[in-house]
Amino acid sequence: MSDRRFPAFSLATRNLSRQRLRAGLAALGIVIGVFAVVTLGLLGNALSVAAQEELGGLGDQVIVSPAEESGRETLDSRDVAAVRRAADGRGTVVPLQVTGGTVRGTGDQSFAQIYGTGNPQALFGNGSGAVTSSHRQGALVGSGLATDLALRPGSTVAVEQNEYRVVGVLPPVDGISPLQPDSAVVLPPREFTGDEVSQVVVRANSPEDARAVASGVRERLNSRQQRVSVFSLTSVLDRISEFFNLLNGFLLAIAGISLVVAGVSIFNVMLMTVAERRGEIGVLRAVGIHRKQVLRTLLVEATLLGVVGGAVGALLGTLVVVAVATQTELPLWAVLQPGNMLVPLGAFAFGVFIALVGGLYPAYRAAWEPPVEALRG
Amino acid sequence: MSAGPIQEATPPLALVDVTKRYESGGGGSVTALSQVDFAVAGGEVVAVVGPSGSGKSTMLNILGLLDEPSEGSVELRGETTAGLSAAERTDARRESLGFVFQDFHLLPTLSAVENVRLPTAFLPGDATDRARELLELVGLGDRLDHTPDELSGGQKQRVAIARALVNEPDVLLADEPTGNLDRDTGTAILEEIRRIADEAGVGVVAVTHDDLVTDYADRTVELVDGVMRDV
């Protein structure tokens, strides 16, 4: 029988069952604390991961444009070549012409961004094979513009004075991008006069590559004078992820405080319970139960409150966050990512630890009290 | 009744020239026991009487290894207990001594059997059978699984006596064993204690106000202001 093999456990559960309401309330404190840690921790992580995913594409882009101080409006072929060298093996380099103009469809007209590039796939493909990597004739229109002007492949679109056949509609962009292809027209580069380009976009293979490309370009072109301005969102993304880390830490700290408060309530409950059972503990000591055995029994009591409260809190917290994810825009995969498994487990362990710590002093005080004084009552 | 105290070369429990002083508030001290020599033999029942504050409880606590003398020593089977660690004293209590209290001090969450085997709870082996036998011995064979709140005062004290005997002690220390019982129940409990002393050869030291206890004792000693004398 287990009560004979684990006497401390058996005595502890019976003692807890004596004051069910009080034990329940103490455990409830841990439930609330662990629940807070789990919900805030899971939500914070999920938000952070979802945001990284949403913004992830941004981090790979480096946009090189003429520096304002240089007084130039365009980049020359020397600049483009320098960018190509800096980006060698780190990503795709796409020179881009950018202007604006009036675009007319079948009836309506609209002012739109006009991009010129020979490789729309790299910038606007968005992972779909529908966009060509070699753009020689006709126009690609953004999905928003296509809807507004009722354009589809085969339609004719007028850009300023020239008419083009629509060869494709760009897939909608779901992330955030410094380019706005949804309301733009993409034309082949030869539709623009001259070799000079407005900017060069580098689609790097990774955020690290983007960082390396950005510093490489600065080194090559800006060492003597400020020829180009290099815009990379990698640092912005770093800031964003820093912000999320800070936010998560802050949320967890608040939740942690509620768990510490729960520990104080365990401390209080254990102090009350050992004060009430002073005589009993004195008897245990008198009949030959050792101090450490009394201590163990009382610590098992406190820890049980933490185990039960922690398990309930971790389970409830996880369920609530999953429910929130299914009811809101927060993607479920961001909640259920493997890294998030640690949150309920960690919160549970922390809850048990807090309960154990809360029980430590009362248990120690009770077990080490001289039995004569305890028996005197 | 008893054939009188059984004299042994070494008594199971003895006080040798024990003095106990307590520090009092004003820097002075109060002498609770003064140079007490005392021994209890196996099978002997000794009643300790005296007015309140005469040092009876102090003497019982020192005999029970719950408190330490300021001077002199407590001898357990002829060996001094001075210098034993707290853990060694705990073991000595468990192995050699049984306690019976005025307020019974049973654990309310445990059944009679569980209360009786409580001193063995952290030891290997299962004392359930022995606990059952002891409860039958004290006449509670039909109350084995009752919790203390389902038992009368006399029944509780019988459970406490069975608990005190579970480790086959040499000496039973009783603090006002009849203090919370009516006269008939008290008589029955004293008969029980007498029988245990006679049959099991257990020495009994009972601290009491109750003249009834002295009727069942082999001898009675009196404590007045910490000084012991025979009655």
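**Exercise 1. How close do the axes of helix H3 (residues 20-55) of chain A and H10(A) come, and at what angle do they cross?**

Solution. Keep in mind as you work that this is a predicted model.

- Step 1: Find the two helices, H3(A) and H10(A), and follow their axes; these come within 7 Å.
- Step 2: Read the angle: the axes of H3(A) and H10(A) cross at roughly 35°.
- Step 3: H3(A) passes H10(A) in a right-handed crossing.
- Step 4: Sort the residues of this contact by class, and you get 21 nonpolar, 9 polar and no charged.

**Exercise 2. Describe how H8(A) meets H12(A), and name some of the residues involved.**

Solution. Start with the geometry, then go to the residues.

- Step 1: H8(A) spans residues 234-276 and H12(A) spans residues 342-368. Their axes come within 8 Å and cross at roughly 30°.
- Step 2: Angles under 35 degrees count as roughly parallel, and H8(A) and H12(A) are therefore roughly parallel to each other.
- Step 3: H8(A) passes H12(A) in a right-handed crossing.
- Step 4: On the H8(A) side, the contact includes A:Leu259, A:Ile266, A:Phe267 and A:Met270. Among the residues they and their neighbours in the contact meet in H12(A) are A:Phe350, A:Ile354, A:Tyr361 and A:Arg365.
- Step 5: Counting by class gives 17 nonpolar, 4 polar and 1 charged residues for the contact of H8(A) with H12(A).

**Exercise 3. Which elements of chain A give two or more residues to the side that touches chain B?**

- Step 1: Count the residues: 17 of chain A are in contact with 21 of chain B.
- Step 2: The elements of chain A that you need are helix H2 (7-18), helix H9 (278-286), H10 and helix H13 (371-376).
- Step 3: The side of chain A that touches chain B has 7 nonpolar, 5 polar and 5 charged residues.

**Exercise 4. How is chain A divided into domains, and what confidence does the predictor report?**

- Step 1: The domain assignment gives domain 1 (2-55 + 239-376) and domain 2 (58-233) of chain A.
- Step 2: Taken over C-alpha atoms, the centres of these two domains are 56 Å apart.
- Step 3: The average pLDDT is 87 for chain A and 91 for chain B.
- Step 4: For the complex, the predictor gives an ipTM of 0.89 and a pTM of 0.76.

How values were computed
Residues are numbered from 1 along each chain as its sequence is written. Chains are lettered from A and ligands numbered from 1 in the order in which they are written. This is a predicted model: local features need pLDDT of at least 70, side-chain atom pairs count only at pLDDT 80 or more; totals for chains, interfaces and linings use all residues. Axes are lines fitted to C-alpha atoms, for helices over the stretch in contact, and angles run from 0 to 180 degrees between N-to-C directions. Helices (H or I, at least four residues) and strands (E, at least two) are DSSP runs, numbered from the N terminus. Angles under 35 degrees count as roughly parallel, over 145 as roughly antiparallel, 65 to 115 as roughly perpendicular and the rest as oblique. A crossing is left-handed if the near helix is turned anticlockwise from the far one by less than a right angle, and right-handed if clockwise. Two residues are in contact if their C-beta atoms, placed from the backbone, lie within 7 Å. Ala, Val, Leu, Ile, Met, Phe, Trp, Tyr, Cys and Pro count as nonpolar, Asp, Glu, Lys and Arg as charged, and the others, Gly among them, as polar. Domain bounds come from an automatic or database domain assignment. pLDDT is the predictor's confidence in each residue, from 0 to 100.
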